[in-house]
Amino acid sequence: MNVFKTEQETQEQATKRLRKVAAATIVGSMLEWYDFYLYATMASIVFSKVFFDSSNPATASFQAFSTFAIGFVARPFGGIFFGYFGDRYGRKKMLFITFCLMGICTTAIGLIPTYATIGIWAPLILVVIRIIQGLGAGAELAGAAVTSYEHAASNKKGRQGAWPALGLNLGLLLSSMTVYLLTLKGDAFILAGGWRIPFILSFVLVLVGLWVRKSLPETPEYDALEESHRRKNPLKELYAANFRGLFVVFFVAIGYNALSYIFKTFSLAYLTQFGGLSASVTSLSVTLASLVAIFAVPIFGWLCDRYSSKKLLMVGGALSTLFAYPFMAMLSSGENMLIYAAIIIGTGILAPMMFAPQGSFLSRQFPVEGRSTGVGTGREIGTAIAGGLAPLWALAMVAKSDSHSTIGVVLILAVSGAIVVIASVFDQGYRFGSHKN
């Protein structure tokens with residue numbers, strides 16, 4: 001039985017609709033990843049000194065970095081709950097609510113009093129905010145990816161499915177440039193309270209995003225569903241009929257996020273704690289990488305439509321495995337130019353090569369009526385495990401080694417790339433139309 005209805009739409013109406021979708025998905029991803037880099041940077045430089053007892057610097061640093069991982073604990077719950085919400089009540093409503101949660105929490109972090117002012121309440125408040133923020137972030141990528149995918153024409157699923165990846169790198173660019181400017185003359189200014197500025201100013205981005213998302217139309221594929229299909233329990237259907245898709249999404253998320261968060265997060269902490277580099281150097285490297293990625297993402301999206309998202313994912317995973325040892329060798333060199341090159345290749349090319357295809361690849365693992373739940377559940381459980389634990393595990397291995405050896409990190413990167421390749425082979429491939437991406 002065909003569960004879709006068709007509606008006529010003029011070219012002008014379609015163009016106007018897609019502009020709104022592009023703005024809504026890109027701005028949402030921008031905010032999520034603006035916060036991601038901002039929080040990761042401040043956790044490795046500032047938070048151990050302002051939110052924790054700094055009498056033991058090593059312990060305070062580990063505690064501060066652990067709050068970054070705590071946000072990932074809430075992500076699967078957000079992915080499952082809001083994914084279910086998106087399948088039952090619509091993608092538009094889900095995206096508006098998750099954006100509110102993320103945006104308010106990002107701003108609130110900049111207003112938390114220090115440990116010196118309120119003692120143990122400072123880290124407790126930080127943890128609570130990170131958990132709430134994680135609930136929203138847990139559904140943001142899945143919602144944005146599914147929305148972009150379902151609004152796209154059959155021959156442009158890859159290009160438009162890559163819009164969240166473009167927002168990711170715009171968010172990285174904005175936050176890394178902000179940190180670079182704040183630390184241009186050293187870390188003294190942000191340690192003295194300047195770190196609060198970018199968190200509080202994110203409220204401007206929140207207002208813009210809420211305005212854009214309020215006018216976002218529902219996706220044609222979801223609108224076309226018969227009411228009886230919307231009433232189905234997407235979680236029950238997910239485990240009963242779409243377990244293979246869940247398996248694929250979960251393991252792609254495990255492999256990709258372990259790679260991505262080591263490229264983006266572990267590298268910052270490693271360079272700061274063991275390389276003795278200032279925040280201006282690390283933030284400039286991410287700024288350069290995100291600039292490269294902004295141009296790379298549309299190319300990778302086009303390649304998805306030309307060759308298939310599955311093939312691009314497999315190539316990205318294989319290249320990341322091969323790059324594991326050179327990446328750590330370049331970071332460990334102490335040479336700024338080699339460090340810039342390592343992060344540009346990892347964050348600016350390889351991570352986007354694997355992230356750009358995910359909008360179309362992950363979405364097509366499930367039928368429309370269970371797509372939001374499937375992507376949100378599988379991806380966020382995988383993200384929580386790999387994104388939260390991989391950089392923390394890598395940092396702990398380096399710290400425990402007498403010589404600060406990075407061979408364990410190389411192994412994590414190599415295995416993660418292999419996982420992406422193997423998981424992609426089991427592509428389920430639900431399709432609306434006959435596109436191959």
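**Buried, bridged and packed: reading the labels**

Student: Why does D35 count as buried?

Tutor: D35 has a relative accessibility of 7%. Buried means under 20% relative accessible area, exposed means over 50%, and partly exposed is anything in between, using a 1.4 Å probe and protein chains only. So D35, at 7%, lands in the buried class. Keep in mind that this is a predicted model, where local features need pLDDT of at least 70 and side-chain atom pairs count only at pLDDT 80 or more, while totals for chains, interfaces and linings use all residues. Residues are numbered from 1 along each chain as its sequence is written, and side-chain values use heavy atoms, with hydrogens and water left out.

Student: What makes the meeting of D35 and R130 a salt bridge?

Tutor: The rule asks for a side-chain nitrogen of Lys or Arg within 4 Å of a carboxyl oxygen of Asp or Glu. D35 and R130 come in at 3.4 Å, N to O, so the pair passes that rule. D35 sits in helix α1 (residues 11–45) and R130 in helix α6 (residues 121–151), 95 residues apart. Helices here are DSSP runs of H or I with at least four residues, strands are E runs of at least two, and both are numbered from the N terminus. R130 is buried too, at 6% relative accessibility.

Student: How many salt bridges does that rule give?

Tutor: The count comes to 11. Another of them joins the side chains of E150 and R371, at 3.1 Å, N to O. E150 lies in helix α6 and R371 in helix α19, so this pair ties together parts that are 221 residues apart in sequence. Both ends are buried: E150 at 1% relative accessibility and R371 with a relative accessible area of 1%. The two also belong to a salt-bridge network that links D87, R91, E150, K157, E221 and R371.

Student: D305 and R159 meet in a salt bridge as well. Why do D305 and R159 get their accessibility labels?

Tutor: D305, in helix α15 (residues 279–307), and R159, in helix α7 (residues 157–161), are 146 residues apart, and their N to O distance is 2.7 Å. At 15% relative accessibility, D305 counts as buried. R159 is at 33%, so it counts as partly exposed.

Student: How do you know how α3 runs relative to α19?

Tutor: Helix α3 (residues 57–89) packs on helix α19 (residues 371–400) at about 175°, with the axes 7 Å apart. That makes α3 roughly antiparallel to α19. Angles under 35 degrees count as roughly parallel, over 145 as roughly antiparallel, 65 to 115 as roughly perpendicular, and the rest as oblique. The residues of this contact split into 14 nonpolar, 11 polar and five charged.

Student: What makes up the nonpolar surface patch?

Tutor: Y239, F243, F247, F251, I422, V425 and F426 form it, over about 670 Å². Patch residues need over 30% relative accessible area and no salt bridge, with nonpolar side chains (Val, Leu, Ile, Met, Phe, Trp, Tyr) joined within 5 Å and like charges within 9 Å. α14 (243–273) and α20 (407–425) each give two or more residues, and α14 gives the most, with three.

Student: Why is F426 called partly exposed?

Tutor: F426 has a relative accessible area of 38%, so it falls in the partly exposed class. F426 lies in the segment after α20.

Conventions: Axes are lines fitted to C-alpha atoms, for helices over the stretch in contact, and angles run from 0 to 180 degrees between N-to-C directions. Ala, Val, Leu, Ile, Met, Phe, Trp, Tyr, Cys and Pro count as nonpolar, Asp, Glu, Lys and Arg as charged, and the others, Gly among them, as polar. Accessible areas come from the Shrake-Rupley method with a 1.4 Å probe; for residues, only the protein chains shown count as cover.
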